[in-house]
Amino acid sequence: MLCGRWRRARRPSEESPAPARVTAPLELPPSPDHTAPRPGSRALKKMGLTEDEDVHAMLRGSQLCKIRSHTWQKERLYRLQEDGLSVWFQRRFPHAPSRHIFLVQHIEAVRQGHQSEGLRRFGAAFPPARCLTITFRGRRKNLDLVARSAEEAQHWARGLDKLRVRLEAMSQWERLDHWIHFYLHRADSNQDSKMSFKEIKSLLCMVNVDVNDMYAYRLFKACDQSNDERLEGGEIEEFVRQLLKRPELEELFCQFSGEDRVLSTSELLEFLKAQGETGATLAHARQLIQTYELHETAKRHELMTLDGFMMYLLSPEGAALDPAHALVFQDMGQPLTHYFISSSHNTYLTDSQIGGLSSTEAYIRAFSQGCRCVELDCWEGPGGEPVIYHGHTLTSKILFRDVVQAVHDHAFERSPYPVILSLENHCGLEQQAVMAHHLRTILGDQLVTEVLGTQDPQELPSPEHLKGRVLVKGKKLPGSWGEDSRPVSDREEEEEEDGEAVGPAQHRAPSQAGPQAGQISPELSALAVYCCATRLQTLQPGPGPAQPCQVSSLSERKARKLLREAVALNFQTPGYEMDLNTGRFLVNGRCGYVLKPLCLRQPDTAFDPGRPGPPNTTLTIQPCPSPQVLSAQQLPKLNTEKPGSIVDPLVRVEIHGVPEDCAQQETSHVLNNGFNPRWGQTLQFLLRAPELALVRFVVEDYDTASPNDFVGQFTLPLSSLKQGYRHIHLLAKDGAPLSPATLFIHVCAQHS
């Protein structure tokens with residue numbers, strides 16, 4: 001909407017509500033002639049794909065064979081829905097509508113050919129040109145498919161890639177527009193492109209807001225210019241505009257725009273300075289207008305309207321995460337020990353640590369999330385080939401060489417910085433030699449086999465020097481190390497691991513490890529160049545200087561004993577632990593390496609996390625000073641199969657850092673409003689070591705009789721949290737985006 005000089009904007013209604021998130025409906029399979037459902041849909045028009053041959057083929061639908069095993073191979077109908085954002089698929093038995101679709105935004109990658117563990121094992125009978133694998137963010141399993149022709153497989157592979165690229169390029173405002181029109185299409189029960197009041201009420205329930213009939217009808221009639229009890233065309237668009245109004249943003253905009261209701265470059269600069277944008281200039285204000293202003297007339301006059309202002313605040317530049325920190329911005333030339341490194345425990349597992357599946361796909365997924373240190377739990381296998389699995393359990397086994405191949409193929413797709421293979425070795429000397437052979441022959445030049453020529457022997461190389469390289473962390477044959485830093489033997493570590501996985505009535509089967517499993521082969525020892533496993537006797541530093549290449553590992557049992565809490569991190573298990581890990585490595589381009597604070601890099605540091613000193617920072621998450629509001633927008637429905645179910649949201653802010661900084665506070669809950677709930681509460685925290693603190697924003701659905709239900713969250717380092725008026729773009733439990741769900745807050749961090 002234009003405002004001020006271009007068009008007077010109406011004052012926002014104090015009662016106005018607003019929407020939640022996309023949940024896709026169950027659609028019937030297409031008619032026998034496979035006619036494409038109206039390819040001129042709003043979403044596809046916006047994406048410029050209405051005439052695309054691949055998209056048309058997906059709209060018509062395809063019979064694709066889903067591959068699960070040698071015996072489970074079923075043809076199912078798959079079809080792109082008209083919204084262009086979701087794919088409907090047939091199941092043998094009808095399920096809830098949300099279980100018949102997957103969203104394009106949740107796709108991680110589309111691989112062609114036999115490029116998954118499933119298709120390599122079970123799809124060899126099919127030509128690679130007809131095969132494709134769809135991988136997903138979060139915990140959803142891969143979808144291995146075989147098309148009836150190579151051309152059909154190409155349509156799906158290319159088409160999904162085009163949709164993903166267009167979707168990622170969308171602004172938050174465009175996503176919101178597509179989202180609300182998707183629900184309009186669902187609520188139009190007779191598909192006549194007109195909306196009765198009953199259909200409008202249905203729409204409001206779908207978008208997670210409960211308003212009284214009187215208010216809803218008043219809004220409906222205000223838009224019904226034809227006075228025929230139906231909304232159509234421009235009337236529907238006006239209803240959408242009224243529904244999506246953001247009163248708190250309008251009030252904020254009016255603070256800086258004055259009576260003419262537009263922002264000049266100087267007024268926008270004043271807002272930027274109030275935001276705490278260091279180095280803001282008139283040139284930067286002009287650039288923002290050219291980037292985000294929607295109206296050409298305003299843009300030519302270097303003015304920003306309310307629409308442009310909302311576009312800016314919903315963009316990455318208006319987000320809580322500092323956009324400069326989304327790229328690699330830290331010094332990557334320091335020794336490896338100066339970085340936190342994203343690491344995974346039992347990386348090979350896709351599920352339970354007791355009876356779950358082991359898979360090379362788990363390594364690929366960990367790499368896609370920026371993990372740089374993965375674990376290989378190696379045991380004696382049949383036919384002279386080592387296997388990887390969780391020893392003494394019922395987890396399945398995979399070949400060591402297949403995992404090394406996955407490392408070669410996928411380790412550097414997400415990040416160019418070095419990968420560390422942490423070998424937990426339970427093999428005898430012969431199969432250790434086989435392991436060393438596979439590492440050398442498969443990884444080739446990627447593998448570090450000797451000290452870098454220009455390397456200072458007293459320091460580890462840097463991530464920059466080791467770009468594209470793989471390091472092996474393992475045991476080293478005894479050299480000249482002292483008693484406190486002696487190499488840990490396989491037998492000693494095995495005894496510790498036995499204590500964690502085997503009960504008192506269980507014993508290790510002699511056949512699971514070779515007769516020389518307590519020894520180390522020279523071939524494997526030679527590959528532990530920079531990461532040599534040593535025994536950790538205590539958390540306190542020893543009297544002598546530590547050797548730069550020594551790496552100490554702990555079993556879960558010993559870590560619990562030392563820290564009194566579990567510390568294993570399994571990438572396959574969602575939860576707050578994984579949220580914190582993701583938040584820690586969200587910055588620096590998500591490359592898996594984050595530079596430690598200076599206090600942890602100085603060899604003579606006096607920093608003690610148990611005694612960090614007095615508070616030196618006050619973090620305030622507050623209702624925006626004027627207007628007084630902490631608000632949320634378009635929260636998802638949790639019970640998508642129950643139309644009348646509306647969330648009662650509350651917000652909790654958690655601080656995770658040194659023990660004295662750990663704290664949490666939460667708002668009260670808002671009844672029956674997941675569309676635009678507002679809270680008028682201030683949350684404040686005193687911090688002693690802000691450089692180590694993570695801030696986690698959590699939204700829950702309040703329940704009086706049972707634990708609250710998780711709605712969404714976002715975690716980031718305090719040092720990357722921008723001050724001022726910011727949107728937080730929420731994530732689901734599995735880490736997938738909850739677009740367009742957001743929080744809108746005001747952040748103030750004061751340092752003493």
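1. Ground rules. This is a predicted model, in which local features need pLDDT of at least 70, side-chain atom pairs count only at pLDDT 80 or more, and totals for chains, interfaces and linings use all residues. Residues are numbered from 1 along each chain as its sequence is written, and side-chain values use heavy atoms, with hydrogens and water left out.

2. The overall picture. The protein chain's secondary structure comes to 20 helices and 28 strands. Of the 752 residues in the chain, 55% are buried. Here buried means under 20% relative accessible area, exposed means over 50%, and partly exposed is in between, using a 1.4 Å probe and protein chains only. If you look at contacts (heavy atoms within 4.5 Å) between residues at least 6 apart in sequence, 69% of them join residues at least 24 apart.

3. An open, antiparallel sheet has its seven strands in the order 4-3-2-1-7-6-5. Strands count as paired if DSSP finds at least two bridges between them. Strand 4 (101–103) and strand 5 (107–112) sit at the edges with a single partner strand each, so one side of each has no neighbour in the sheet. From one strand to the next, the twist averages 30 degrees. Angles here run from 0 to 180 degrees between N-to-C directions, and axes are lines fitted to C-alpha atoms, for helices over the stretch in contact.

4. Two bridges link strand 1 (residues 62–67) to strand 7 (residues 143–146) in the antiparallel sense, and Lys66 stands opposite Leu145 of strand 7. Helix 2 (residues 53–60) packs on the sheet, touching strand 1 and strand 2 (73–80), and its direction makes about 120 degrees with that of strand 2. Helix 4 also packs on the sheet, where it touches strand 1, strand 2, strand 3 (86–89), strand 5 and strand 6 (131–136); its direction makes about 150 degrees with that of strand 5.

5. Leu160 belongs to helix 4 (residues 150–169). With a relative accessibility of 0%, Leu160 counts as buried. Leaving aside residues up to four places away in sequence, Leu160 touches Met58, Val87, Ile107, Val110 and Ile134. Leu160 and Val104 are 56 residues apart in sequence, yet their C-alpha atoms are 7.4 Å apart.

6. Helices 10 and 11. The axes of helix 10 and helix 11 (residues 282–292) come within 9 Å and cross at roughly 105 degrees, so the two helices are roughly perpendicular. For the wording: under 35 degrees is roughly parallel, over 145 roughly antiparallel, 65 to 115 roughly perpendicular, and the rest oblique. Helix 10 brings Thr265, Ser266, Leu268, Leu269 and Leu272 to the contact, and helix 11 brings Leu282, His284, Ala285, Arg286, Leu288 and Ile289. These residues divide into seven nonpolar, three polar and one charged. Nonpolar covers Ala, Val, Leu, Ile, Met, Phe, Trp, Tyr, Cys and Pro; charged covers Asp, Glu, Lys and Arg; the others, Gly among them, are polar.

7. More on Thr265. Thr265 is found in helix 10 (residues 265–274) and is buried, at a relative accessible area of 12%. Not counting residues up to four places away in sequence, Thr265 touches Leu282, Ala285, Arg286, Ile289 and Glu302.

8. Helices 15 and 16. Helix 15 (residues 400–410) and helix 16 (residues 429–443) have axes that come within 10 Å and cross at roughly 30 degrees, so they are roughly parallel to each other. Among the residues making the contact are Phe400 and Val404 of helix 15 and Met435 and Leu439 of helix 16. The contact residues split into seven nonpolar, three polar and one charged.

9. Strand 21 (residues 649–656) and strand 22 (residues 663–666) run antiparallel and are joined by four bridges. A hairpin of six residues connects strand 21 to strand 22, and Ile655 stands opposite Ala663 of strand 22.

10. Backbone spots worth a look. Glu229 is not a glycine but has a positive phi of about 60 degrees; Glu229 lies in the loop between helix 7 (213–223) and strand 9 (231–232). His392, also not a glycine, has a positive phi of about 65 degrees. The peptide bond from Ser739 to Pro740 is cis, with omega near 10 degrees, and Pro740 is in strand 28 (residues 737–751).
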